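This report is intended for a reader who meets the structure for the first time. Please view the sequence and the model below before reading on.

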Amino acid sequence: MLRGAVAAFVTALALLGALPAQASPGAQYGIQDDAWLMYGPGALSDRLALLDGLGVRVVRFTVRWDQVAPKRPANPRSSADPAYRWGTFGDVLDGLHALGIPVLVTLYGSPGWANGHQAPNRLPLSGFGDFAYAAAHRFPWVRMWSAWNEPNSRTFAVPVSPAAYVRRVLNPAYASLHSASRANRVAGGETSPRITPSGMSPLSFMRGMRAAHARLDAYAQHPYSVDRRETPFQTTCSGCGYFTMARIATIRADVTQYFGAKPLWLTEYGYQTNPPDRLLGVSYALQAKYIGEAALHVWEQPGVTMLIQFLVRDEPSIGGWQSGLFTARGARKPAFYAFALPLAERARHSSQVVLWGQVRPGSGRRAYALQRAVAGRWSAVGGTGRTDASGTFTRTVALPPGSRVRIWAPTPGWASPPLTLS
């Protein structure tokens, strides 16, 4: 009996030794859904409390320059200028601050008076740095910022030009935000994962930013899959040059090559579901599974310090985005529970499997129970476990392939979706 226990212990050590060490212990896991936060069902306080209960530790939120300043301010660096209408943007950010939830603010959208009376996706001719400075003074507790959204795509930026982006948007914002507070950190890029007919590949755009002498504290990327068969760990097109979750080691290497040891922030990511999207969506079960796998991939990758889930609630139009934790009608998907309690299989050797997971709600070392489905019921595997101070755990157990496992936590008082082991 003792010999068997020793053998199992040695096997577990060998399994863990063959895996990459924890590389991003300070990674922040969060969410973005601007429309839901600003105009969703119920009171704003209820929506914010839901995020807090899910264990959201950072929210990405867009502040639209064209909507805050539809008329040119007389004193554009003063947040109190009468032309500024912070309105609902201010309500959301003030509410998040009151709950102690950190925010990454993305500044986007130029007013007509700043871009030659063109659409908001037209890069401004001037004034973006002044607006960034005013925003920093209106929200002095915000320490994470990013400039624009997907500037390598014509949908969000005209022209698609890394030089224009750096000169008119990123560098002015960087200078102003650092002038407002030395504690501010500014991300550049926010690039989409692939080239479009009217855009640039993220790698080409990154190289152009480097050539234009971009100033940034972090590089931001949206690592969406470009094929519903792609998983967080396995790409379907390794030679395509896509910047997807499955290739974050490559993205990390490119960031280091062009900008040095700057952190990589993955600021928009999610899988659409079928239903309702029968063309691009995956099943509810796969969406939940991929939330856990993506979180694990970030945890294992050095220098990746943020992952943002997009969205909270599906957009109502089928032409929109259906990657939410809720359906458009407000029903919870399994992903709702997976976000709070992500669980993934890290490795297997014979009968030994290494499981990785998190208990995001709560603080400090959190209690959890690992459970296995046996004869239609859930039975405990071992005793009550404790996470580390960040809410994360790694656990090696003897379970055969095909076993269905989950984690249950007293905070929040529910279980993760079942995970079928390989």
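## Salt bridges and a covered strand

Lys289 and Glu293 both belong to helix H11 (residues 284-300), where they are 4 residues apart, about one turn of the helix. Helices (H or I, at least four residues) and strands (E, at least two) are DSSP runs, numbered from the N terminus. The two residues form a salt bridge, with their closest N and O atoms 3.9 Å apart. A salt bridge is defined here as a side-chain nitrogen of Lys or Arg within 4 Å of a carboxyl oxygen of Asp or Glu. With a relative accessible area of 33%, Lys289 is partly exposed, whereas Glu293, at 16%, is buried. Buried means under 20% relative accessible area, exposed over 50%, and partly exposed in between (1.4 Å probe, protein chains only).

The model is a predicted one, in which local features need pLDDT of at least 70 and side-chain atom pairs count only at pLDDT 80 or more, while totals for chains, interfaces and linings use all residues. Residues are numbered from 1 along each chain as its sequence is written, and side-chain values use heavy atoms, with hydrogens and water left out.

The structure holds 9 salt bridges. The table lists three of them.

| Pair | Closest N and O atoms |
|---|---|
| Glu268 and Arg60 | 2.8 Å |
| Asp130 and Arg77 | 3.2 Å |
| Lys289 and Glu293 | 3.9 Å |

Glu268 forms a salt bridge with Arg60. Glu268 lies in strand S7 (residues 264-269) and Arg60 in strand S2 (residues 59-64), so this pair ties together parts that are 208 residues apart in sequence. Both Glu268 and Arg60 are buried. Together with Glu190, they are linked in a network of salt bridges.

Asp130 forms a salt bridge with Arg77. Because Asp130 is in helix H7 (residues 128-138) and Arg77 in the loop between helix H4 (65-68) and helix H5 (87-99), the pair ties together parts that are 53 residues apart in sequence. Asp130 counts as partly exposed at 25% relative accessibility, and Arg77 counts as partly exposed at 33%.

Strand S3 (residues 103-108) is mostly covered, with 6 of its 6 residues buried. On one side lie Val103, Val105 and Leu107, and on the other Leu104, Thr106 and Tyr108. S3 pairs with S2 in the parallel sense over 6 bridges, and Val103 is the bridge partner of Val59. Two strands pair if DSSP finds at least two bridges between them. S3 also pairs in the parallel sense with strand S4 (residues 144-147), over 4 bridges; here Thr106 stands opposite Ser146.
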